[in-house]
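Me: I have a protein model open and would like to learn how to read it. Could you take me through its features one at a time?

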Amino acid sequence: VMSRVDPDGRRYGQATRVTILRIWLTPKGAVHRIDLARECGVLELDKEAITSVQRAGPFVNPPADMVDPSTGLIHIDFTFSLVDGRASLRRRLR
């Protein structure tokens, strides 16, 4: 995505970009909701992070002990990072 929106790095530079998504899944692993908890400063990258989670669902066999009894949902934060043109993904459990 970054090479498409800023192929020569002049528009956004080479800064590290971090998008954090708050994701809620049903107990069966379907995506219930996605919130953008932290924008990276490049709208197209934030949109791509959201789209990638939507495309990846449903998530197979989520552990039952991850379901929050107060909401009936599974909550996961995912961090998408772009550092020096290299992407990475980290899951943060609460």
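Me: Let's start with strands: how many bridges join strand β1 to strand β2?

Reply: First, the terms: helices (H or I, at least four residues) and strands (E, at least two) are DSSP runs, numbered from the N terminus. Two strands pair if DSSP finds at least two bridges between them. Here, β1 (residues 17-25) and β2 (residues 31-38) run antiparallel and are joined by 6 bridges. Within this pair, I20 stands opposite R38, and I23 has I34 as its bridge partner. The hairpin of β1 and β2 has 5 residues between the strands, and there G29 takes a positive phi near 95°.

Me: What kind of model is this, and how are the residues numbered?

Reply: It is a predicted model, where local features need pLDDT of at least 70 and side-chain atom pairs count only at pLDDT 80 or more, while totals for chains, interfaces and linings use all residues. Residues are numbered from 1 along each chain as its sequence is written, and side-chain values use heavy atoms, leaving out hydrogens and water.

Me: Which sense does the pairing of β1 with strand β4 take?

Reply: β1 and β4 (residues 73-83) pair in the antiparallel sense, over 9 bridges. In this pairing R22 stands opposite D77.

Me: Is β1 largely enclosed or open?

Reply: In β1, 8 of the 9 residues are buried, so the strand is largely enclosed by the rest of the structure. For an exposed residue, look at L43, with a relative accessible area of 52%. L43 is found in helix α2 (residues 43-56). The C-alpha atoms of L43 and T19 are separated by 9.9 Å, with the two residues 24 apart along the chain.

Me: Now for charges: how many salt bridges does a search of the whole structure find?

Reply: The general idea is that side chains of opposite charge can pair when their charged atoms come close. A salt bridge is a side-chain nitrogen of Lys or Arg within 4 Å of a carboxyl oxygen of Asp or Glu. The search finds 3 of them in the whole structure. One of these joins the side chains of R22 and D77, at 3.6 Å from N to O. R22 lies in β1 and D77 in β4, so this pair ties together parts that are 55 residues apart in sequence. R22 is partly exposed at 27% relative accessibility, whereas D77 is buried at 2%.

Me: Which side chains meet in the other salt bridges?

Reply: R33 meets D35 at 2.8 Å, N to O. R33 is partly exposed, with a relative accessible area of 44%, and D35 is partly exposed too, at 24%. R55 meets E48 at 3.9 Å, N to O. Here R55 is exposed at 61%, while E48 is partly exposed at 31%.

Me: Which residues make up the largest nonpolar core?

Reply: In soluble globular proteins, nonpolar side chains tend to be buried together. A nonpolar core is a set of buried Ala, Val, Leu, Ile, Met, Phe, Trp, Tyr and Cys residues joined through side-chain atoms within 4.5 Å. The largest one here has 10 residues: L21, I23, L25, I34, A49, V53, I74, I76, F78 and F80. The elements giving two or more residues to this core are β1, α2 and β4, and β4 supplies the largest share, 4 residues. Another core, of 6 residues, lies apart from it and includes V5, Y12, C40 and L45.

Definitions and conventions:
Buried means under 20% relative accessible area, exposed over 50%, partly exposed in between (1.4 Å probe, protein chains only).
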